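Visitor: I have the model open. Could you take me through how the helices and strands are arranged?

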Amino acid sequence: MALRATHRDAGQSTVVDLSGKITLGEGSALLRKTVRGLLDEKRTHIVLNLADVDYIDSSGIGELVSGFTTVRSVGGELKLLHLTKRVHDILQITRLFTVFDVQNDESNAVRSFKP
Amino acid sequence: MGTDPKHLEITLETQVESVNLAEEMCLRVAEAAGFGEDDCYKIGMSVREGVINAFHYGNQERPEKKIHLAVDLTGDKMIIHVLDEGTGFTLSNVPDPLAEENLLSTSGRGIFLMRAFMDEFDVVPGRTGGAEIVMAKKLPLQENPGTNGQGNKGATPPQGA
């Protein structure tokens, strides 16, 4: 299933609801475009809701890392919300669980940004 | 699927669509061979990563080059070969993506994932001069087929009789 991305404001933060696969090609490209579009709008507190993402390959992982470092480079933060088991396991074995701020509750995720 | 050796081969174009095509083909073989959902996911992901590696690093995304995918089903495992037309590489030279200095790298996790998901993994010099990834997953243990559709139930005499 192709990746879909919609975003909504949550106070000073933006929650991006993703569904489908984050893989080489359109999926990774859409994630990149979405994050960069938010940064262009000065939305630098970003929560990626991955509740409906059950598949991610190395290209998708790379895009998550790229998003994380790009947002951080402009003084913002990118957090991950509601990981499915497979995405959780991939982040665990690649040690990226220690890099990302992974949240299980949206309101906590939104509140956890540094002012 | 029986235990007779089976061999499938396909030549793929160096394009993004080949990644999905290769994954789908191998998933069908894996399902027919009796692998469960989790193993199918791991096999599919490994094939995907192998073809991405050939597409991007091996063939440098050059459309005139091909990717050669082969699948062998032996009596005890499914073996997958992914051969590119690049210049080859040495496995020991691939950076460790778990090293602290590589954690924030945006690439370089494909080999790691294949190693993690498959039972056997190696990279050898291919006949094209490129790299050939060879990886295998052991077939799931299957019960001896019975004539009553109950597997091997009743194949051994009751204990203590």
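Predicted model: local features only at pLDDT ≥ 70, side-chain atom pairs only at ≥ 80, totals over all residues.

Visitor: At what angle do the axes of H1 and H2 of chain B cross?

Guide: The axes of H1 (residues 17-32) and H2 (residues 37-58) of chain B cross at roughly 150° and come within 8 Å. Axes are lines fitted to C-alpha atoms, for helices over the stretch in contact, and angles run from 0 to 180 degrees between N-to-C directions. Helices are DSSP runs of H or I with at least four residues, and strands are E runs of at least two, numbered from the N terminus. H1(B) and H2(B) are therefore roughly antiparallel to each other.

Visitor: Which residues of H1(B) and H2(B) meet?

Guide: Among them are Ala22(B) and Cys26(B) in H1(B), and Ile43(B) and Val47(B) in H2(B). Contact requires C-beta atoms, placed from the backbone, within 7 Å.

Visitor: Changing topic, how many residues does each chain give to the contact of A and B?

Guide: Chain A gives 15 residues and chain B gives 16 residues. Helix H2 (residues 58-73) of chain A gives the most to the side of chain A, with 7 residues.

Visitor: And how do strands S1 and S2 of chain A pair?

Guide: S1 (residues 4-10) and S2 (residues 13-22) of chain A pair in the antiparallel sense over 7 bridges; pairing requires at least two bridges found by DSSP. Ala5(A) stands opposite Leu18(A) in S2(A).

Conventions. Residues numbered from 1 in each chain as written. Chains lettered and ligands numbered in written order. Parallel < 35°, antiparallel > 145°, perpendicular 65-115°, else oblique. Contact = placed C-beta atoms within 7 Å.
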